[in-house]
Amino acid sequence: MNSKKPYLVVVLIQTIFCGYFLLSKVAFDRGLNTFVFTVYRQAAATFFLLPFSLIFEWKNAPRLSFTILCKIFLFSLFGITSTLNIYGMGLNYATPTLAAAGSNCVPAITFFFALLLREETVKIGTIPGNAKVAGIVACMGGAATLAFYKGPQLRPLFHLFKIKGHQAHGTNGKTWIKGCFLLLTSNSLYALSLVLQVRLIKTYPAKLLLTNLLCFTSAIQGFAIAIVVERDSNEWKLDWNVKLLAIAYAGFVVMGVSYYLQTWIIEKKAFWVESCWLEDFIVFCGERVKNRC
């Protein structure tokens with residue numbers, strides 16, 4: 001049973017992310033600024049995790065050296081803050097279907113970085129090696145199919161929210177290329193972070209406190225970026241609506257719960273498990289969003 005725990009946990013994580021994709025899409029359609037969203041969700045996660053970090057890990061946590069703090073700062077900047085902001089920007093130039101297809105490439109990109117950093121090996125001609133190569137080909141083929149093939153429309157029995165179509169920009173070639181580039185950059189940074197997180201956890205194994213520090217650091221970084229990009233004070237105001245619900249869900253559940261579980265999985269050196277299961281749930285989310293566009 002213990003050997004199956006990572007797989008069961010990753011199903012829970014991706015179920016959480018499925019709800020996040022749908023809620024955040026609705027919130028963005030209702031006018032929530034993507035940069036402001038990043039700041040609020042990371043701040044919410046920080047406050048949510050703080051008491052648990054102090055109670056369960058503060059006394060026995062390793063000492064925070066200057067080197068570790070620098071690693072946390074850089075990992076947060078490129079693995080969380082930049083990933084979230086660039087992904088939000090990409091959604092302004094691409095369709096949700098393209099975004100979902102781009103996320104399906106994460107397993108292949110993660111595998112590439114794992115090979116590059118010698119966290120993974122491939123022996124061509126052996127059954128495990130051939131299976132890995134076949135998996136990468138299937139992954140890229142699935143992403144291309146999701147992006148370019150338009151199948152029959154799925155009609156759910158009910159809708160909690162109506163997801164609007166993509167109206168932010170036109171669908172000309174330049175816009176499409178810009179959206180592809182931003183989404184690919186975001187997914188590449190996320191894939192790289194999955195691999196590098198293995199080394200970060202080895203350096204600082206207090207998973208709960210590490211997650212809290214990453215959330216806090218990314219909230220500060222996101223705020224510094226947001227006040228430069230978005231100067232309208234009205235964009236920072238929140239009401240009791242789906243925007244607040246999306247922020248609370250993203251902060252408390254996605255970052256507060258699933259990101260901690262993700263660090264637990266990666267500690268087992270199973271970053272490939274986390275990345276590969278992503279595409280299965282993206283298909284469902286992408287289909288739900290696509291059918292309303």
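In this predicted model, Phe-28 is partly exposed, with a relative accessible area of 22%. Phe-37 is buried, at 2%. The two residues form an aromatic pair. Their geometry is edge-to-face, with 5.4 Å from centre to centre and 85° between the planes. A search of the whole structure finds 6 aromatic pairs. Ring pairs also link Tyr-40, Phe-223 and Trp-236 into a cluster.

Phe-37 belongs to the largest nonpolar core, which holds 39 residues. Tyr-20, Phe-37, Ile-72, Tyr-204, Leu-210 and Leu-214 touch the most other members. At least two core residues come from each of α1 (5-29), α2, α3 (66-91), α7 (173-203), α8 (207-229) and α9 (242-267). Helix α1 gives the most, with 10 residues. Neighbours within four places in sequence aside, Tyr-20 is in contact with Phe-37, Arg-41, Leu-84, Tyr-249, Ala-250 and Val-254. A second, separate core has 9 residues. Among them are Cys-105, Val-106, Tyr-190 and Ala-191.

Helix α2 spans residues 34-56, 23 residues in total. From first C-alpha to last, α2 reaches 33 Å, close to the 33 Å expected at 1.5 Å a residue. At the start of α2, a side-chain oxygen of Asn-33 comes to within 2.8 Å of the backbone nitrogen of Phe-35. Further along, α2 bends by about 35° at Leu-49. A proline, Pro-51, follows within four residues of this bend.

Definitions and conventions: Residues numbered from 1 in each chain as written. Predicted model: local features only at pLDDT ≥ 70, side-chain atom pairs only at ≥ 80, totals over all residues. Heavy atoms only, no water. Expected span 1.5 Å × (residues − 1). Bend = angle between axes of the 7 residues up to and from the residue. Polar contact = N/O pair within 3.5 Å; in protein donor to acceptor, adjacent residues only side chain to side chain. Core = buried A, V, L, I, M, F, W, Y, C linked by side-chain atoms within 4.5 Å. Buried < 20%, exposed > 50% of the residue type's maximum accessible area, 1.4 Å probe, protein only. Contact = heavy atoms within 4.5 Å. Phe/Tyr/Trp six-rings, centres within 6.5 Å; stacked < 30°, edge-to-face > 60°.
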